[in-house]
Amino acid sequence: GFAGDALLVAHSQTAGRGRMGRSFYSPAQTGAYFSILHTLNTPLCDAVAITSAASVAVMRVIRTLTGIQTQIKWVNDLYYNDKKVCGILTEAVSAGESAHVIVGIGINLNTADFPTELTNIAGSLEARIDTAELIAQIYREITFYLNNPNSRDWLDDYREHSCVLGRRVSWTEGETTRFGVAESIDEDGALLVQNEKNELVRLHTGEISLRPLKD
C-alpha cells in the first residue's frame with residue numbers, strides 16, 4: 001500500500017463529511033477543502049490530540065494571513081462571530097501493512113449562501129486570501145505535529161482561544177444528555193467537565209456532541 005504523506009485538495013465537495021456522519025456544505029470556489037494523509041511510523045496516539053493540534057495550526061495560519069482571530073470549539077471546529085467557519089475530521093485507516101491518519105479540513109472563506117438549516121450556524125471568514133498559500137502553510141504546520149505527536153506547543157493557544165471553557169455545556173452518553181461546566185483542557189486535548197454531581201468528567205471520544213448553552 002501507499003507509504004508516505006499526501007495532500008489532496010478539492011475545489012468543491014459533493015459529499016463533504018463531518019463528525020458522526022453529518023455533511024459539510026462545501027460549494028465550489030468559496031472555501032478551502034483538503035485532506036492530509038500521513039503514514040504512521042508509531043502507533044496512533046489519541047486522535048483528539050491530533051485534531052486539537054490541527055485546529056490550532058489552522059487558527060494560527062488564518063490569523064497570520066488575514067489578521068482574523070477565530071475561536072476553537074472543542075474539539076474540532078473554528079468559530080468566527082459565533083458561527084462555524086471551519087471543521088476538522090481526523091480518521092485512522094489501515095491499508096495493507098501500513099497505518100495512516102487522515103486529517104480532513106473544510107474552511108469557509110467566502111461562502112455566502114448557506115442552506116436554510118445552516119443559516120444560523122455556519123459562517124464565513126469573508127476574507128480575501130490566497131487559498132494555495134493558506135493550504136500550504138496549514139499543511140506545513142500540521143505535518144510538524146503529525147511527525148512530532150508528543151509536542152504540546154499547541155496547548156496554550158488551544159486553551160487561550162477556546163470558546164467553551166467556563167461555559168455550561170451538554171453532551172451525549174448513549175441515549176442520555178448530560179450537563180455540566182467546561183473547566184479545563186488536559187495535556188492530550190481532552191475536555192474536563194464538572195458534571196451535575198460535581199464530579200470531574202474527562203471527555204475525549206468522538207461520540208461526544210458538545211453544545212455550548214446560553215448562559
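Helix 1 (residues 47–66) lies across strand 3, strand 4 (77–80), strand 5 (83–95) and strand 6 of the predicted model, and runs at about 140° to strand 5. Helices (H or I, at least four residues) and strands (E, at least two) are DSSP runs numbered from the N terminus. Axes are lines fitted to C-alpha atoms, for helices over the stretch in contact, with angles from 0 to 180 degrees between N-to-C directions; contact means heavy atoms within 4.5 Å. As the model is predicted, local features need pLDDT of at least 70 and side-chain atom pairs count only at pLDDT 80 or more, while totals for chains, interfaces and linings use all residues. Residues are numbered from 1 along each chain as its sequence is written, and side-chain values use heavy atoms, with hydrogens and water left out.

Helix 1 has 20 residues and reaches 28 Å from its first C-alpha to its last, close to the 28 Å expected at 1.5 Å a residue; the expected span is 1.5 Å times one less than the number of residues. Buried denotes under 20% relative accessible area, exposed over 50%, and partly exposed in between (1.4 Å probe, protein chains only). Just after helix 1, Gly67 adopts a positive phi of about 80°.

An open sheet is formed by 6 strands in the order 1-2-6-5-4-3, with antiparallel pairing. Strand 1 (5–10) and strand 3 (71–73) are the edge strands, each pairing on one side only. On average, neighbouring strands of this sheet are turned by 20° against each other, direction ignored. Two strands pair if DSSP finds at least two bridges between them. Strand 2 (residues 31–39) and strand 6 are joined in the antiparallel sense over 9 bridges, and Ala32 stands opposite Ile107 in strand 6.

Helix 2 (residues 131–147) also packs on the sheet, where it touches strand 1, strand 2 and strand 6; its direction makes about 30° with that of strand 2. With 17 residues, helix 2 reaches 24 Å from first to last C-alpha, close to the 24 Å expected at 1.5 Å a residue. Buried residues in helix 2 include Leu134, Ile135, Ile138 and Tyr145. The buried residues of this helix pack against strand 1, strand 2, helix 1 and strand 6.

Ile107 is located in strand 6 (residues 98–108) and is buried, with a relative accessible area of 0%. Not counting residues up to four places away in sequence, Ile107 touches Gly31, Ala32, Tyr33, Phe34, Val58, Ile62, Val85, Cys86, Leu125, Leu134 and Ile138. The C-alpha atoms of Ile107 and Ile135 are separated by 10.0 Å, the two residues being 28 residues apart along the chain.

A search of the whole structure finds 2 aromatic pairs. The rings of Phe144 and Tyr145 form an edge-to-face pair, because their centres are 5.2 Å apart and their planes stand at 70°. Rings of Phe, Tyr and Trp (its six-membered ring) pair if their centres lie within 6.5 Å; planes under 30 degrees apart count as stacked, over 60 as edge-to-face and the rest as tilted. Phe144 is partly exposed, at a relative accessible area of 38%, whereas Tyr145 is buried, at 7%. The rings of Trp154 and Tyr158 have centres 5.7 Å apart and planes at 90°, so this pair is edge-to-face. Trp154 and Tyr158 are both buried.

Ser151 is found in the loop between helix 2 and helix 3 (155–160). Ser151 is buried, with a relative accessible area of 17%, and is in contact with Phe144 and Tyr145, leaving aside neighbours within four places in sequence.

Arg168 stands opposite Val181 in strand 8. These strands form a hairpin with 2 residues between them, and Gly174 in the turn has a positive phi of about 65°. Strand 8 is also joined to strand 9 (residues 191–195) by 5 bridges, again antiparallel, with Asn195 in strand 9 as the bridge partner of Gly180. The hairpin of strand 8 and strand 9 has 5 residues between the strands; Gly189 in its turn has a positive phi of about 90°.

The mean pLDDT of the protein is 85, and 84% of its residues reach 70 or more; pLDDT is the predictor's confidence in each residue, from 0 to 100. Confidence is lowest in strand 11 (residues 211–212), at a mean of 66, and highest in helix 3, at 97.
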